[in-house]
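Me: I am new to this structure and would like to know what lies behind the terms used to describe it. Please set each value against its cut-off.

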Amino acid sequence: MGLPSDSGIELWSKWPAGPRDLITDVPGVKVGHVTIQDGEVNTGLTAVLPHGGDLFLDKVMAAQVSLNGFGKSAGLLQIEELGTIETPILMTNTLSVGTALTGLVRYMLEGHPDIGVTTGTVNCVVTECNDGHLNDIRGLHVREEHVRQAIEGASEDFAEGAVGGGTGMCCLGLKGGIGSASRVLKIDGGDYTVGALVMANFGSAGNLVIGGRHVGREIQRQKEAEKDQGSIILLIATDIPLSERQLKRVARRASISLGRTGSFMGNGSGDIAIAFTTANRVPHYSRTDILPLRMFFDENIDMVFEAAVEAMEEAILSALYHGETTTGVRGNTVRGLRSYQLEEAGR
């Protein structure tokens, strides 16, 4: 997936994409969607599993960066403090964070009778963007059982665009949603992967930039002026051994990808980046007090930064490319990028 070769979108890349050009090119990562569409209802839930094992017992090292903190996500504080993720990462609409959080707590409790009894509680991670322009967000259509469905349906192959948590999202005056991409690096003689997945719901019409070229003017002519608002969640996964400090440095580079595609992270935009590595695991229970940790040589880490920026930029544009024209609540209609491409090609 990602951007197909015939997409008409040209991006210069220093690093090659993985075989799927998806975040799931990182071994062990899986993604699952529940899409809810019915008339004025355009919403859903996406689950990202950092690895296929027991995340509570075998946590991944992680970091988060609030690029612009206008958001209602859950679980970020403990990522910031402890530098780990111990549950699947959920993505949904703003008013469904509570429901998704409860559903994820129930899911984790079922598999771990020790939680809250002989050990501490669990830090569930739920992220959000506001899909209220196309979705009846007040209807609270995401339910607890959707969490289990998304997790149990997760796989290495998944759809992009108006699916899962991205079903009702809008981006840069276009239909937004879920987008993903990957880059492969040759490091110390081996292949390592940096993958990105976004839930894109940010920016104002007319600001879209593709490959350094401002292409949003036609969109702006057809829409009223809008503020840069709405939010984006950016996930970066890798199998490169990185410390939580280094992961935070990678996550900060998400702002570069946003700028490349036309965002200036407006006042009302919630822009959150989360990065994790599958190479450094932290056990919930340990017989030793000292744990092994591998990390990257900082003087050579620029290649990781570059690959992450490339993957995140393509993931954003992939969300736009795969987004289908959608009519939702109150008759609001948002066109997909491909409809503009076809219109331009017919002139």
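Me: Which residue in E6 does Thr92 stand opposite?

Reply: In this predicted model, Thr92 stands opposite Glu128 of E6.

Me: What makes E5 and E6 a pair of strands?

Reply: Strands pair if there are at least two bridges between them. Five bridges join E5 to E6, so they meet that condition. The two strands run parallel.

Me: Why is E6 called largely enclosed?

Reply: Buried means under 20% relative accessible area. Five of the five residues of E6 (residues 125-129) are buried, so the strand is largely enclosed by the rest of the structure. Val125, Thr127 and Cys129 are buried on one side, and Val126 and Glu128 are buried on the other.

Me: Why is Thr94 called buried?

Reply: Thr94 has a relative accessible area of 15%, and the cut-off for buried is under 20%, so the term applies. The residue is in the loop between strand E5 (89-93) and helix H2 (97-111). Leaving aside neighbours within four places in sequence, Thr94 is in contact with Lys72, Glu128, Cys129, Asn130 and Ile137.

Me: What makes E4 and E9 edge strands?

Reply: The open sheet has six strands in the order E4-E3-E14-E13-E10-E9, with mixed pairing. Strands E4 (84-85) and E9 (177-187) each have a single partner strand, so one side of each has no neighbour in the sheet.

Me: How do you know that E10 and E13 pair?

Reply: Pairing takes at least two bridges. E10 (residues 190-200) and E13 (residues 232-238) have seven, in the antiparallel sense. Val198, for example, has Leu234 in E13 as its bridge partner.

Me: How do you know that the span of H7 agrees with its number of residues?

Reply: At 1.5 Å a residue, the 21 residues of H7 (residues 302-322) should span 30 Å, and the end C-alpha atoms are 30 Å apart, so the two agree. Of these 21 residues, 18 are buried. H7 lies across E9, E10 and E13.

Conventions:
Residues are numbered from 1 along each chain as its sequence is written. This is a predicted model: local features need pLDDT of at least 70, side-chain atom pairs count only at pLDDT 80 or more; totals for chains, interfaces and linings use all residues. Side-chain values use heavy atoms; hydrogens and water are left out. Helices (H or I, at least four residues) and strands (E, at least two) are DSSP runs, numbered from the N terminus. The expected span of a helix is 1.5 Å times one less than its number of residues. Buried means under 20% relative accessible area, exposed over 50%, partly exposed in between (1.4 Å probe, protein chains only). Contact means heavy atoms within 4.5 Å. Axes are lines fitted to C-alpha atoms, for helices over the stretch in contact, and angles run from 0 to 180 degrees between N-to-C directions.
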